[in-house]
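Subject: Structure handover

Hello,

Here is the structure for your files. My notes on what was found in it follow below.

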Amino acid sequence: MSGGLIGFWRQDLGDRLEAGASRTELYSPSGALWLTRWAWVCLIVALTLCLAGGYHAGFIQVNSAAAAYPDWVWEWLTVLGDERVSFALALLFALRYPRVFWALILSAVVAIAYSRGLKTLLDATRPPGVLAAEAFNLIGPGHRRASFPSGHSVTAAVFFGVLIYHTPRSGLRALFLLLAVLVGLSRVAVGVHWPVDVAAGLLGGAIAAWIGARLAAHWAGPATELSVHLAFVTLGSILAIALVYNDGGYHSAARPLAILGAAALVVVLTQYLLLPTRRYWRSRPTPEPRD
């Protein structure tokens with residue numbers, strides 16, 4: 001019986017991945033143009049900041065203006081750039097839109113090479129390592145090293161950039177773009193990144209999203225490969241578990257992070273285990289009554 005259940009489970013999930021890959025309501029060729037224009041704007045902003053005022057340009061002004069809003073606003077926004085959050089959110093639609101999920105995976109690989117590579121190579125000092133504590137507003141952990149580029153900004157640009165690439169609705173694209181920019185600004189608001197870091201992070205994330213989405217379009221096979229899909233779903237589930245008990249130092253966001261992590265785990269258990277098992281038992285023939 002267990003062999004029958006496992007075989008049914010694999011077939012059921014495989015069929016659902018194939019059905020998800022055939023959906024077209026989240027695919028639009030104009031999404032690439034949005035990402036290209038966004039990347040150019042980020043590049044212009046980064047260069048303007050550096051040429052006008054140097055690497056630290058604009059930090060005090062943005063950080064001071066952000067202090068007018070409650071700390072929890074910036075904490076909630078900044079955790080959207082946490083890699084664990086991106087994975088947890090992706091789990092909510094991974095089975096329904098496996099091609100988008102695969103594009104996110106490929107984009108993340110490109111983004112990690114960009115972000116971690118430059119951080120290690122440059123090892124720029126963050127605001128807490130340069131400015132006196134009373135000179136700016138610090139919210140959460142006071143990181144001092146590996147400032148360029150902003151990793152949270154890269155992650156947010158990758159996640160929302162892939163969604164921008166695929167959705168055909170201009171209103172949703174504008175919303176996703178706004179959220180990514182707000183995540184970037186939150187890194188200045190919490191006092192751990194210079195504006196140039198953010199612009200460079202959004203730039204790299206937008207480019208990574210474009211590359212990942214293009215690669216996924218031309219190398220779509222793994223999107224419906226059950227073993228590959230389940231490997232990344234398992235990784236995402238582990239990261240979702242971490243959200244339940246680790247807020248990353250942003251305590252005001254602890255509850256929404258825990259709720260998101262729990263919701264992602266419930267979705268995974270329901271879609272990948274409970275529903276296929278239920279369909280298996282319903283598909284079994286009813287025993288003939290004995291005389």
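**The loop between α6 and α7**

Ala146 lies in the loop between α6 and α7. Helices here are DSSP runs of H or I with at least four residues, strands are runs of E with at least two, and both are numbered from the N terminus. This is a predicted model, in which local features need pLDDT of at least 70 and side-chain atom pairs count only at pLDDT 80 or more, while totals for chains, interfaces and linings use all residues. Residues are numbered from 1 along each chain as its sequence is written, and side-chain values use heavy atoms, with hydrogens and water left out.

Phi of Ala146 is near 55°, a positive value in a residue other than glycine. At 22% relative accessibility, Ala146 is partly exposed (buried means under 20% relative accessible area, exposed over 50%, partly exposed in between, with a 1.4 Å probe and protein chains only). Asp123 is in the loop between α6 and α7 and has a phi near 45°, again positive in a residue other than glycine. Its relative accessible area is 32%, so Asp123 is partly exposed.

Pro149 is also in the loop between α6 and α7, and the peptide bond from Phe148 to Pro149 is cis, with omega near -5°. Ser150 is found in that loop, between α6 (98-122) and α7. Ser150 is buried, because its relative accessible area is 0%. Leaving aside neighbours within four places in sequence, Ser150 is in contact with Arg187, His193, Asp197, Val198 and Gly201 (contact means heavy atoms within 4.5 Å).

**Packing of α7 and α9**

Helix α7 (residues 151-166) packs on helix α9 (residues 195-218) at an angle of about 40°, and their axes are 7 Å apart. Axes are lines fitted to C-alpha atoms, for helices over the stretch in contact, and angles run from 0 to 180 degrees between N-to-C directions. The two helices, α7 and α9, are therefore oblique to each other (under 35 degrees is roughly parallel, over 145 roughly antiparallel, 65 to 115 roughly perpendicular, and the rest oblique).

On the α7 side the contact is made by Ser153, Val154, Ala157, Val158, Gly161, Val162, Tyr165 and His166. On the α9 side the contributing residues include Val198, Gly201, Leu202, Trp210 and Arg214. By class, the residues of the contact of α7 with α9 divide into 12 nonpolar, five polar and one charged (Ala, Val, Leu, Ile, Met, Phe, Trp, Tyr, Cys and Pro count as nonpolar, Asp, Glu, Lys and Arg as charged, and the others, Gly among them, as polar).

**Aromatic pairs**

A search of the whole structure finds 12 aromatic pairs (rings of Phe, Tyr and Trp, the last by its six-membered ring, pair if their centres lie within 6.5 Å; planes under 30 degrees apart count as stacked, over 60 as edge-to-face and the rest as tilted). The rings of Tyr280 and Trp281 are edge-to-face, because their planes are at 70°, with centres 5.3 Å apart. Tyr280 is buried at 9% relative accessible area, whereas Trp281 is partly exposed at 44%. Ring pairs also link Tyr55, Phe59, Phe136, Phe148 and Trp194 into a cluster.

**The chain as a whole**

The chain has 11 helices and zero strands. Of its 291 residues, 44% are buried. The C-alpha atoms fill a box of roughly 90 × 40 × 35 Å along the principal axes. Among contacts with a separation of 6 or more, 84% are between residues 24 or more positions apart.

Regards
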